[in-house]
Amino acid sequence: MASMEEDGSVEEKDNNNKKRTKSAIAVAWLTFYNIAMTAGWLVLAMAMMRFYIQKGTHKGLYKSIARTLKFFQTVALVEVGHCAIGIVRTSVIVTGVQVCSRIFMVWFITNSIKQIQNEESVILFLVVWTLTEITRYSYYTFNLLNHLPYFIKWARYNMFIIMYPLGVAGELLTIYAALPFVRKTGMLSMRLPNKYNVSFDYYYFLIIVMLSYIPLFPQLFFHMLRQRRKVLLGEIIVEKDE
């Protein structure tokens, strides 16, 4: 008959084996997910370049890529789940804000208000998103495979300094361009009286969304700066110490 110590040792080994199995499954899934998302945003980039080369204009570009954009940007909701269950060590709130704000821009602004789809600001945030996501997902992929080229790491933690403000500018200008159409049509608004006894004005909601960028943008931007110091500058400090 096995002793208590032996039982405990066997149980500990079983738990360690289960943890290793779960970890391997998580890494396999994350690798597959990031490869798929890198490929998806590369497809978007090529589609945008092909459209512009063939047409010589940005007008109609959004409509040509809308289906692919909506699919891959909506799938990114999975990343909130990754944070929630702990297979990715990132704040659920930070990830949720970033993902949901983009989904909102795609579904409830650009997709819903066709009159603004040819605005230059739409092309601005689309180009920024595409470059950012190709860099971000390829960074995660190579990192998971333990073969991370330095130029991808460098791009991941330096490009955002320019891309993040440009992307925010594109989003804000797009929402601003949408305001007259929202006010004129009253889309997604509820006026009193109604059977729910609830009033909602989408026009003023969009203004509140625009104002929310004031406190949120600095927080997210400085969060990335802290990550940059930790990943890039941290390595420099270690090398100097050695």
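Me: Where does Glu 133 sit?
Reply: Glu 133 lies in helix H5; helices here are DSSP runs of H or I with at least four residues, strands are runs of E with at least two, and both are numbered from the N terminus. This is a predicted model, where local features need pLDDT of at least 70, side-chain atom pairs count only at pLDDT 80 or more, and totals for chains, interfaces and linings use all residues. Residues are numbered from 1 along each chain as its sequence is written, and side-chain values use heavy atoms, with hydrogens and water left out.

Me: Is Glu 133 buried or exposed?
Reply: Glu 133 is buried, at a relative accessible area of 3%. Buried means under 20% relative accessible area, exposed means over 50%, and partly exposed is in between, with a 1.4 Å probe and protein chains only.

Me: And what does Glu 133 touch?
Reply: Not counting residues up to four places away in sequence, Glu 133 touches Trp 41, Arg 102 and Ser 138. Contact means heavy atoms within 4.5 Å.

Me: Staying in H5, what about Leu 126? Which residues is Leu 126 in contact with?
Reply: Leu 126 is in helix H5 and is buried, with a relative accessible area of 1%. Leaving aside neighbours within four places in sequence, Leu 126 is in contact with Met 48, Leu 61, Tyr 62, Ile 65 and Leu 69. Leu 126 and Tyr 62 are 64 residues apart along the chain, and their C-alpha atoms are separated by 8.6 Å.

Me: Switching to H3, which residues are buried there?
Reply: In H3, residues 78–85, the buried ones are Glu 79, Val 80, His 82 and Cys 83. Down the axis of H3, the buried residues fall within an arc of 155°, so they line one face of the helix. That arc is taken from the directions from the helix axis to the C-beta atoms.

Me: What's on the other side of H3, and what follows the helix?
Reply: Ala 84 and Ile 85 are exposed on the other side of H3. Gly 86 follows H3 and has a positive phi, near 90°.

Me: Which residue other than glycine has a positive phi?
Reply: Asn 146 has phi near 60°. Asn 146 is in the loop between helix H5 (120–144) and helix H6 (150–156), and counts as exposed at 66% relative accessibility. Leu 188 is also a residue other than glycine with positive phi, near 55°; Leu 188 lies in the loop between H7 and H8 and is partly exposed at 46% relative accessibility.

Me: What else is in the loop between H7 and H8?
Reply: Pro 193 lies there, and the peptide bond from Leu 192 to Pro 193 is cis, with omega near -5°. Met 190 is in that loop too, between helix H7 (160–185) and helix H8 (202–241), and is partly exposed with a relative accessible area of 32%.

Me: Which residues make the nonpolar surface patch?
Reply: Trp 107, Phe 108, Leu 188, Met 190, Tyr 196, Val 198, Phe 200 and Phe 205 make a patch of about 720 Å². Patches are made of residues with over 30% relative accessible area and no salt bridge, with like charges joined within 9 Å and nonpolar side chains (Val, Leu, Ile, Met, Phe, Trp, Tyr) within 5 Å. A salt bridge is a side-chain nitrogen of Lys or Arg within 4 Å of a carboxyl oxygen of Asp or Glu, and accessible areas come from the Shrake-Rupley method with a 1.4 Å probe, where for residues only the protein chains shown count as cover.
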